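Colleague: I have a two-chain model open and would like to learn how to read its contacts. Could you walk me through it?

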Amino acid sequence: MTNRTDPAAALQEGRRKRSKGAREEILEGLETDFQPVSKRPSDESMVVYRDRPAGFNWEGIKELTLARLEENHIGYDVVIQWSAFLDTLANRLYSQEAKRVLVDDSAHWGPNNLVQSLDSRLPRTEVVSADEVDPREAAQFDAALVPVQAVIAQTGSLVIATASRRRLAASLLPRTVYGFCTTRQVVPDFGAWVDAEGHQSELHTVLVSGPSRTADIEKQLVMGVHGPWNVSVFLVQGR
Amino acid sequence: MSFTPEFLERMNKALEDRVLQAALNKALTTVRRKSAASLMELTEPQDVRDVAAEVKRIAVNSLHRNLQELESRLEHAGTEVLWARNAEEATQHVTDIAREHNIQRAIFSKSMVAEEIELEHALQHAGVRVIQTDLGERVVQLAGQKPSHITAPCLHMSAKEIGKLLKVKTGMEYTDDPERISRYLAEQMRPTFLAAQMGISGVNMAVSRTGTLVMVENEGNVRLGYTLPEVHVAVLGIEKVVETMRDADFVLSLLARKATGQRSTSYLSLLGPGPLPGQKRYVVFVDNGRSFVFSKGPYRELLSCIRCGSCMNVCPVYEKVGGHAYGWTYPGPIGIALMHLMGPPEMASQANYLCSLCGACTEACPVEIPLDKLIVMGRARTNRLKPGKEYRRERRAFRLVTQSMLKGGRYRFTHWGHKVGRAVAPGVVRGVERKLGWHDQRTAPVPAKVLFRTRFKRRKKEPGGSS
């Protein structure tokens with residue numbers, strides 16, 4: 001029963017009623033005797049890209065991955081240990097004069113106690129967990145550190161997947177974003193990532209292929225618009 | 001066929017606008033070059049194109065099932081799905097949502113469906129302050145214009161024009177440097193993003209099996225639009241549904257390459273079926289003529305369109321007149337083909353002729369829509385003539401030309417007649433040409449001094465000539 005005095009409920013009821021009527025009519029208009037094929041063309045294991053690497057082996061995929069990241073204006077560091085990753089990142093943040101850093105410490109890979117580990121290396125910088133910050137407040141941070149679920153070699157894309165709005169905002173609002181993953185998380189292409197069940201459909205996933213950009217004015221490429229202006233990734237070997 | 005004075009004025013204005021001509025030429029040349037280069041990275045571009053076309057064909061023909069599956073996935077995850085038969089219903093849904101949540105400020109990410117249903121206008125009419133967040137869209141919004149291209153809204157404007165506009169509208173210090181202008185607009189819009197209560201976005205594709213909403217962009221405004229506000233409304237044209245993520249992959253492998261010449265856009269969002277924590281999400285399924293297109297036999301192929309804009313990037317007519325000349329949301333070849341089914345009929349009957357039938361659009365289309373064929377059928381349709389009868393005179397003329405070319409004697413006679421006629425009585429020949437439809441804007445080809453057949457024979461007789 002709709003509460004007649006509640007305008008919100010009345011709006012909802014009207015909306016749903018209209019929608020129901022429209023639904024029936026639209027679906028009726030889309031009925032067809034078309035029989036879907038048993039095997040879809042996209043189910044074929046078709047090689048889409050000319051220089052697709054044969055497998056998931058890092059050594060075989062390394063050259064393409066790094067070339068694509070560079071073409072996409074994504075900075076990268078290949079390091080051999082997590083401690084080296086933390087030291088390099090701390091140096092980078094120090095030279096960047098980052099005063100506030102947001103950290104998404106939800107990954108099951110990477111160093112333990114990420115926030116504390118970074119905090120101890122940067123005494124003059126405020127290091128805060130993304131889970132403690134309202135999405136809008138993420139804009140007040142100079143940099144963010146986010147886990148990268150996979151790197152897609154073919155397109156040089158970083159895969160960021162999360163169920164959290166705060167973590168999504170952390171990878172979006174600070175002007176500089178650093179990602180991290182292991183070299184085992186590098187996959188040849190989008191299809192391989194989907195096939196490897198890398199895509200968990202209940203999560204919100206973003207494939208980042210560089211800093212935000214536009215070419216709206218006279219087709220001249222401008223890097224750094226609404227999203228991050230600088231994107232880098234740390235690839236930690238052999239873990 | 002007669003054109004209204006307004007239509008002719010729009011054409012003449014576009015053709016005489018040197019700034020527009022230069023802007024279009026520069027932008028489209030760049031896109032075409034980049035697109036061709038990026039397609040070379042695919043093993044067999046034509047094979048990928050074939051698969052993408054087939055994927056979309058199956059998806060369109062399975063809409064009845066896929067839409068219900070998508071609806072079920074979304075609702076199960078907590079997203080409210082609303083169906084709209086037409087623009088009025090769709091805008092009513094969104095304005096109701098705005099009223100229910102007491103929305104004062106909304107941000108728009110670039111969406112052609114939202115443009116098509118004039119959602120911005122409806123929301124503003126309902127008292128909601130609406131800001132376009134795509135840089136190009138923001139520029140045309142400030143200029144009080146409509147986008148002139150589906151992926152590059154301010155393609156028709158030069159940096160100088162934009163600099164002058166922003167100086168007047170926003171107080172920006174004049175500059176014609178695209179980087180400074182872009183950065184200025186981005187900085188100016190940041191507080192708007194942070195204060196927005198409702199984000200409205202389009203959807204490039206929806207995956208029915210997982211309930212995923214796929215959004216493609218470069219600037220980050222779409223991500224901000226669905227992440228920051230407490231209410232997110234996604235407006236989905238019902239033809240955008242595919243079944244699996246693999247299906248989406250094939251289409252995506254061509255979308256950015258065709259649209260902007262990029263391997264992949266900066267951001268590809270795969271939004272899960274449920275809303276983000278602390279957020280309410282609505283997805284509006286918009287028909288607005290699509291099921292009508294579906295019911296119209298061969299025109300159904302138009303629903304495969306992925307809105308990459310490649311047909312307009314290669315269209316010689318679009319390159320001369322720009323997007324505004326078409327007088328509808330969707331310009332270029334896809335706009336013409338759709339217009340007579342979904343757009344204003346009075347515009348369609350004229351825009352139908354903004355096509356040279358060169359077929360470049362069909363060649364460029366990543367999902368193999370036979371646009372040139374459909375445009376010809378559209379001409380017949382809007383002229384209320386049955387296909388096959390519309391060009392009786394033209395067909396007769398071409399039959400004559402064919403006959404004259406089949407026999408050497410006849411061809412030589414026709415050629416001789418044309419040559420002599422032009423030399424002896426040029427006025428009479430021009431009169432005949434004019435009578436046949438040639439007029440001041442075109443000239444008939446000058447007959448060759450020596451016929452190709454004659455030259456070929458002579459060459460064969462020369463020492464070393466091929467037999």
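**Salt bridges and the chain interface**

Modeller: Let's start with a network of salt bridges that links A:R68, A:E71, B:E41, B:R257 and B:R263. A salt bridge here is a side-chain nitrogen of Lys or Arg within 4 Å of a carboxyl oxygen of Asp or Glu. This is a predicted model, where local features need pLDDT of at least 70 and side-chain atom pairs count only at pLDDT 80 or more, while totals for chains, interfaces and linings use all residues. Residues are numbered from 1 along each chain as its sequence is written, chains are lettered from A and ligands numbered from 1 in the order in which they are written, and side-chain values use heavy atoms, with hydrogens and water left out.

Colleague: How many salt bridges are there over all chains, and how many between chain B and chain A?

Modeller: In general, side chains of opposite charge can pair when their charged atoms come close. A search of the whole structure gives 31, and the count between chain B and chain A is 11. One of these pairs is B:D96 with A:R18, at 3.0 Å from N to O. B:D96 is in helix α5 (residues 87-100) of chain B and A:R18 in helix α1 (residues 7-29) of chain A, so this pair joins two chains. Helices (H or I, at least four residues) and strands (E, at least two) are DSSP runs, numbered from the N terminus. B:E80 and A:R16 also meet through their side chains, at 3.1 Å from N to O.

Colleague: Which residue forms a salt bridge with B:R32?

Modeller: That is B:E319, with the closest N and O atoms 3.1 Å apart. The pair links distant parts of the chain, 287 residues apart: B:R32 is in helix α2 (residues 18-39) of chain B and B:E319 in helix α15, which spans residues 316-321. At 15%, B:E319 is buried, while B:R32, at 28%, is partly exposed.

Colleague: What area is buried between chain B and chain A?

Modeller: Buried area is the accessible area (1.4 Å probe) that two parts lose on being put together, summed over both. Here the figure is about 8,300 Å², with carbon and sulfur atoms giving 58%. Taking contact as heavy atoms within 4.5 Å, 110 residues of chain B touch 81 residues of chain A.

Colleague: How do strands join across the two chains?

Modeller: Two strands pair if DSSP finds at least two bridges between them. Strand β9 (residues 204-208) of chain A and strand β9 (residues 267-271) of chain B run antiparallel and are joined by four bridges. Within this pairing, A:T205 stands opposite B:L270.

Colleague: And backbone angles?

Modeller: Most residues other than glycine have a negative phi. A:E97, however, has a positive phi near 60 degrees. A:E97 sits in the loop between α3 (82-95) and β2 (100-103) of chain A, and counts as exposed at 60% relative accessibility.

Key. Buried < 20%, exposed > 50% of the residue type's maximum accessible area, 1.4 Å probe, protein only.
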